[in-house]
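Welcome! Take a moment with the sequence and the 3D view below, and then let us walk through them together, one topic at a time.

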Amino acid sequence: MSHTIAAISTGLSVSAIGIIRLTGTDCAQIAGKVFYLNNGKSLENAKNRQLLLGCLHDKNGRIIDQCCAIYCRGPHSYTGEDTVEFHCHGSPAVLAAGLESLYIAGAKPAKRGEFTKRAFLNGKLDLTQAEAVIDLIEADTADAAANAAGQVGGMLQRKLNPIYDNLTNLCSHFHAVLDYPDEDIEDFGLANYEKPLKADAKNLFDILKTYGQGRILTHGVSAAIVGRPNVGKSSLLNALAGYERVIVTEVAGTTRDTVEETVMVGSTRLRLIDTAGIRETDDRIEAIGVERAKEAVRNADLVIFVCDGSQPLTEDDRAIMELCHGHENTIALINKTDLDKQIQPSDLPFMQIIEISASTGAGLDLFADAVDTMFAGEIPCDGSILTNTRQYDACRRAYEAILQALQGLKLGRTPDAVLTDVEMAMEAMGEVTGATVREDITNRIFERFCVGK
């Protein structure tokens, strides 16, 4: 990591401000070759963390921008190394020309996520914090941003560290007694650690339970819209999306495959899945769509049952209601209330029943309130929950290893056998924080990032 890297840290579209970032041991010397302070002083001798006005030059020595530079000396910088940033006018041409001149001056192009990777390798961030950086960048709701910000601040790390420390104390005590038998060290007794191990298992289980909430927070609520053909499922999706996302016709069976669209309903982000109308059919293609609709119901966080309120309930309606019945979260919508009413809410066997008109928008505000009641506000947004599959899988393996250790205690296994399970738990937890993470896992994590971050 001794070489200096450079990249544009802001977007490549026209903006008011654009930032070029460098980090590395000789970043100030390289930056000083293309940027001259207006006060005539050297950038290398500039005050720490102070914005300084000067001129940025291209590879031909021409002034391309009057901008500001800031020099942050390591280790008190984002990466832990010396860092220079140019705050330019946000012209893509200016930023590209400035970056090119820095490359000619000796900087190397930064790889995806390399700035944050250096922060991790230099101990400025643990892995939960580093992964949260990209979650914060990609957050598309205030709640997702708040949770990612909490993780960047180390909230998840603070929940995991006491568990890891307890396991470390157990292992170190055992090895101290084993390696130094002549020292005055308290005898190692596994029975003394049963209670702490149970507490660690419970705390890990509580963290694991947050993954479902974390998945909803980062990816939204998966919501399958189901019903028989022509009840208004596609019209509902179009109304919630605010534009004609799905073709709507009077021909039954127009939608033959699942169609997805992400929308904000109230304060909840829904990943709506418009499904084919569920009915018995001899059409092979439509039958595939019906099967996919049933699969969407099985996998969804929320099922939205839609029926045509202007027509009596049919056997197909009843069969679909039966399909929805075992789902934890279901909202029934009686659509087409702008037409003659043939169905009453009491006709449907659901707790949440709302009358709407997808064509006029009537009742959609009540639907939004119902969705928020189910999902909004129940997710803590303080950074204390698991939000990605990699973290969840590592914590799951740690939890299972601790359970194995506890089982070993009950069966009277030897201390070294029990400690093998404890060390496996530590290794798995280390993959979450980065304490024992392998290089290939580290590289894969930072490949999610964009260049300049």
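**A helix and what covers it**

The buried residues of helix α9 are covered by parts that include β8, β9, β10, β11, β12 and α12. Keep in mind that this is a predicted model.

**Helix α9**

- Which residues of α9 are buried? They are Lys233, Ser234, Leu236, Leu237, Asn238 and Leu240.

**The open sheet**

- An open sheet is formed by 6 strands, and their order is β9-β10-β8-β11-β12-β13. The pairing in this sheet is mixed.
- At the edges stand β9 (259-265) and β13 (353-355); each has a single partner strand, so one side of each has no neighbour in the sheet.
- From one strand to the next, the twist averages 25 degrees.
- Helix α9 (residues 233-241) packs on this sheet and touches β8, β9, β10, β11 and β12 (330-335). The direction of α9 makes about 45 degrees with that of β9.
- Helix α11 (residues 315-324) also packs on the sheet, where it touches β8, β11 and β12. Its direction makes about 165 degrees with that of β11.
- Inside the sheet, β8 and β11 (residues 302-308) pair in the parallel sense over 4 bridges. To find this pairing in the 3D view, look for Ala223, which stands opposite Leu302 in β11.

- As background, strands of a sheet pair through backbone hydrogen bonds, either parallel or antiparallel.
- Do β1 (residues 5-8) and β2 (residues 15-23) pair in the parallel or the antiparallel sense? They pair in the antiparallel sense, over 4 bridges.
- A hairpin through 6 residues joins β1 to β2, and Ala6 stands opposite Leu22 in β2.
- Strand β2 is also joined to β6 (residues 83-90) by 8 bridges, and these two strands run antiparallel. Here Thr23 stands opposite Thr83 in β6.

**Asp65, a buried charged residue**

- Asp65 lies in strand β5 (residues 63-72).
- Although Asp65 is buried, it has no salt bridge. The nearest side chain of opposite charge belongs to Arg62, and it is 13 Å away.
- What does the side chain of Asp65 make a polar contact with? The partner is the side chain of His89, at 2.7 Å.
- Leaving aside neighbours within four places in sequence, the residues in contact with Asp65 are Gly54, Cys55, Leu56, Cys88, His89 and Val94.

**Helix α8**

- In α8 (residues 211-219), the residues Tyr211, Gly214, Ile216 and Leu217 are buried.
- Among the parts covering these buried residues are α5 (142-152), α7 (194-208), β8 (221-226) and β10 (268-274). The cover also includes α12 (364-375) and α13 (389-410).
- Gly220 follows α8, and its phi is positive, near 90 degrees.

**Salt bridges**

- Side chains of opposite charge can pair when their charged atoms come close.
- How many salt bridges does a search of the whole structure find? The search finds 18 salt bridges.
- One of them brings together the side chains of Glu131 and Arg390 (2.8 Å, N to O). This pair links distant parts of the chain, with Glu131 in helix α4 (residues 127-138) and Arg390 in helix α13, 259 residues apart.
- Glu131 is buried, at 4% relative accessible area, whereas Arg390 is partly exposed, at 21%.
- Asp301 forms a salt bridge with Arg215, and their closest N and O atoms are 3.2 Å apart. Asp301 lies in the loop between α10 (284-299) and β11, and Arg215 in helix α8, so this pair ties together parts that are 86 residues apart in sequence.
- Asp301 is buried, with a relative accessible area of 11%, while Arg215 is partly exposed, with 29%.
- Arg396 and Asp393 have side chains that meet in a salt bridge (2.5 Å, N to O). They are separated by about one helical turn, because they are 3 residues apart in helix α13.
- Arg396 is partly exposed at 26% relative accessible area, and Asp393 is partly exposed at 28%.
- A network of salt bridges links Asp393, Arg396, Arg397, Glu400 and Glu431.

Conventions
Residues numbered from 1 in each chain as written. Predicted model: local features only at pLDDT ≥ 70, side-chain atom pairs only at ≥ 80, totals over all residues. Heavy atoms only, no water. Buried < 20%, exposed > 50% of the residue type's maximum accessible area, 1.4 Å probe, protein only. Contact = heavy atoms within 4.5 Å. Lys, Arg positive; Asp, Glu negative; His and termini not counted. Salt bridge = Lys/Arg side-chain N within 4 Å of Asp/Glu carboxyl O. Polar contact = N/O pair within 3.5 Å; in protein donor to acceptor, adjacent residues only side chain to side chain. Pairing = 2+ DSSP bridges. Axes fitted to C-alpha atoms, helices over the stretch in contact; angles between N-to-C directions.
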